[in-house]
Amino acid sequence: MRTLFYSYIFTALPWILIVIIMIDVDTRRAIQRRTHLYAVPHARTERAALPVIYAVTPTYTRDVQKAELTRLSNTFRQVPSFHWIVVEDSQARTELVSRFLARAGLRHTHLHAATLLRYKRPRSPRGTEQRNAALHWLRGNRSRNDSGVVFFADDDNTYSLELFEEMRWTRHVSVWPVGLVGGRRYERPLVENGTVVGWYTGWGAGRPFPIDMAGFAVNLQVVLANPKALFKRHGSKPGMQESDFLRQITTVRDLEPKASNCTRVLVWHTRTEKVNLTNEPDPPLDTVTIEV
Ligand code: UGA
Ligand code: MN
């Protein structure tokens with residue numbers, strides 16, 4: 001009886017093992033099929049739907065320019081769905097910036113707009129004509145079908161990668177803290193129940209939007225829907241660039257707080273020290289001309 005039982009087991013065991021292996025292989029294939037069916041097309045549609053971040057950078061010829069742009073490009077290259085609008089403060093696009101952008105590995109638009117000489121003085125707003133040239137380009141080259149966010153990224157600031165993911169889903173106008181600005185370690189919007197109710201700011205608290213240029217982003221459709229909204233040159237007071245622009249497109253109550261209800265600093269208003277060139281020979285002594 002026992003021998004009969006063992007002979008049954010020995011004959012059946014290989015078959016049982018084969019069935020187990022086949023079931024295992026089949027379920028694995030099914031899982032693979034499912035991940036293929038759902039994961040891949042989903043990832044594709046998400047990529048296609050990712051709003052484009054249009055970063056507008058005014059820039060001007062000076063000794064540190066290429067260094068500043070290099071630092072920015074190394075950050076921006078890591079941001080998905082990104083379009084850099086570089087606007088030179090010059091009569092024409094320069095060779096240096098053209099060459100730089102050609103090698104930067106970034107989707108970009110290269111514009112120029114010269115600031116009138118009479119506005120090139122201390123306490124006069126900077127980057128005004130350049131940002132307006134970018135707004136003009138966006139209005140002429142983007143439409144209701146394009147989803148995107150517009151951000152004004154000066155060439156001397158420091159940007160974390162997280163900042164771009166915070167601003168990407170801006171519905172109207174979003175805001176967040178800025179580090180090292182206004183004579184303080186940081187400035188920030190004060191938020192209560194998801195609404196901006198005031199400002200922690202170092203100066204000019206009476207401004208309608210006491211915020212730095214690096215502290216907000218605007219949905220592309222808001223830029224297109226307000227075709228007259230521009231940065232102000234005539235009669236513009238120091239520190240009023242941001243307020244003059246924002247009051248044309250939004251109200252404080254409508255601002256969308258980002259970066260954990262405006263409690264995290266993800267961008268810094270760093271400023272580059274004026275470079276020391278006291279030992280630079282004039283005329284140059286080197287045997288070759290080198291772009292710096
Ligand atoms: C602060 C704000 O952060 C700026 O956004 C604002 O434009 C500026 O004040 C202002 O007073 O208008 P700040 O560091 O003092 O910034 O200004 P800069 O960084 O020197 O200039 C802002 C942008 O304009 C930079 O991207 C810079 O390259 C550009 N710029 C500056 C020009 O295109 N032309 C110039 O002659 C000077
Ligand atoms: Mn600056």
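The model is predicted, with local features needing pLDDT of at least 70, side-chain atom pairs counting only at pLDDT 80 or more, and totals for chains, interfaces and linings using all residues. Residues are numbered from 1 along each chain as its sequence is written, ligands from 1 in the order in which they are written, and side-chain values use heavy atoms without hydrogens or water.

I checked the metal. The manganese ion (ligand 2) is coordinated by Asp156 (OD) and Asp156 (OD), at 2.2 to 2.5 Å. Donors are N, O and S atoms within 2.8 Å of the metal (3.2 Å for Na, K and Ca); water is not among the atoms, so the site may look incomplete.

I then took Asn157, in the loop between β4 and β5. Asn157 counts as buried because its relative accessibility is 1%, the cut-off being under 20% (1.4 Å probe, protein chains only). Beyond four places in sequence, Asn157 is in contact (heavy atoms within 4.5 Å) with residues including Arg71, Trp268 and His269.

Last, I looked at the largest pocket. A pocket is an open set of points on a 1 Å grid over the protein atoms alone, where a 1.4 Å probe fits, with protein on both sides within 12 Å along at least five of seven lines; lining residues have an atom within 4 Å of a point. I noted 43 lining residues, with Arg126, Asp154, Asp156, His269 and Arg271 nearest the centre.

Notes: Helices (H or I, at least four residues) and strands (E, at least two) are DSSP runs, numbered from the N terminus. Buried means under 20% relative accessible area, exposed over 50%, partly exposed in between (1.4 Å probe, protein chains only).
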